[in-house]
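Please find below a structural briefing for computational work. The points are grouped by topic, and each term is given with its cut-offs.

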Amino acid sequence: MANFRGRCMCGAVTWTCSGQIIRNLVCHCTDCQRATSAPFTAFLGVSPEQLTWSGEVVHYESSPGTFRGFCPSCGTRLYFRSDRWPLEVHVHAATMTSPDEYQPSAQVMTRSRVKWLDQIGLIPTHEGFQQSPANHRSAETLGKGHTAIADLK
């Protein structure tokens, strides 16, 4: 029996789970990559009856019968569910209050695994950002036709 808690980035949505974990997977499929803007997604597969949600969750149907839940306030991806696995909800492990408690048991859809992950151990590491942020430039200094990201908000 497992007990886990999680939340979105802003805290508007929280979840709790108690019960048996059906799956602990790292998924490398291109749909998960695009949906999470990450090279892979780690998730816990649990029974919907084991999950309790607090706050509003918005659902996006990414393909027929496949839904991705997210917080409408901050956009955090919270879960994946599909008619293909009707007795499971796949909660994103990164939303766990203590993600270090998560232990995947398998990697799936590895044919879509991004190749640079093979070299991840060779990429230099830093405790913080390796350089200071670039100076903010206004739209006027960027030139005609360019907009600063801050101006898009």
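**Structural briefing**

Met109 is partly exposed, with a relative accessible area of 33% (buried means under 20%, exposed over 50%, and partly exposed in between, using a 1.4 Å probe and protein chains only). The model is predicted: local features need pLDDT of at least 70, side-chain atom pairs count only at pLDDT 80 or more, and totals for chains, interfaces and linings use all residues. Residues are numbered from 1 along each chain as its sequence is written, and side-chain values use heavy atoms, with hydrogens and water left out.

**Overall architecture**

- The protein has 2 helices and 10 strands; these are DSSP runs numbered from the N terminus, with helices being H or I of at least four residues and strands E of at least two.
- Read from the N terminus, the order of elements is β-β-β-α-β-β-β-β-β-β-β-α.
- The protein has 153 residues, of which 33% count as buried.
- Its accessible surface comes to about 10,600 Å², and carbon and sulfur atoms account for 52% of that area (Shrake-Rupley method with a 1.4 Å probe; for residues, only the protein chains shown count as cover).
- Of the contacts between residues at least 6 apart in sequence, 55% join residues at least 24 apart, where contact means heavy atoms within 4.5 Å.

**Strand pairing**

- Strand 1 (residues 2-7) and strand 2 (residues 14-19) run antiparallel and are joined by 6 bridges; two strands pair if DSSP finds at least two bridges between them.
- Within this pairing, Ala2 stands opposite Gly19 of strand 2.
- The two strands form a hairpin with 6 residues between them, and Gly11 in the turn has a positive phi of about 90 degrees.
- Strand 2 is also joined to strand 5 (residues 51-54) by 4 bridges, again in an antiparallel arrangement, and Thr14 has Ser54 of strand 5 as its bridge partner.

**Largest pocket**

- The largest pocket holds about 410 Å³ of space; grid points are joined across faces, edges and corners, and the volume is the space filled by probe spheres set on the points.
- A pocket is an open set of points on a 1 Å grid over the protein atoms alone, where a 1.4 Å probe fits, with protein on both sides within 12 Å along at least five of seven lines; lining residues have an atom within 4 Å of a point.
- The lining comprises 20 residues, and Cys27, Cys29, Phe80, Arg84 and Trp85 lie nearest the pocket centre.
- Elements giving two or more residues to this lining include helix 1 (30-36), strand 4 (41-46) and strand 8 (77-82), while strand 3 provides the largest share, 3 residues.
- By class, the lining has 9 nonpolar, 7 polar and 4 charged residues (Ala, Val, Leu, Ile, Met, Phe, Trp, Tyr, Cys and Pro count as nonpolar, Asp, Glu, Lys and Arg as charged, and the others, Gly among them, as polar).

**Loop residues**

- His28 lies in the loop between strand 3 and helix 1 and is buried, with a relative accessible area of 1%.
- The C-alpha atoms of His28 and Pro39 are separated by 6.8 Å, and the two residues are 11 apart along the chain.
- Met109 lies in the loop between strand 10 (106-108) and helix 2 (139-142), and its phi is near 55 degrees, a positive value in a residue other than glycine.
- Glu49, in the loop between strand 4 and strand 5, is exposed, with a relative accessible area of 70%.
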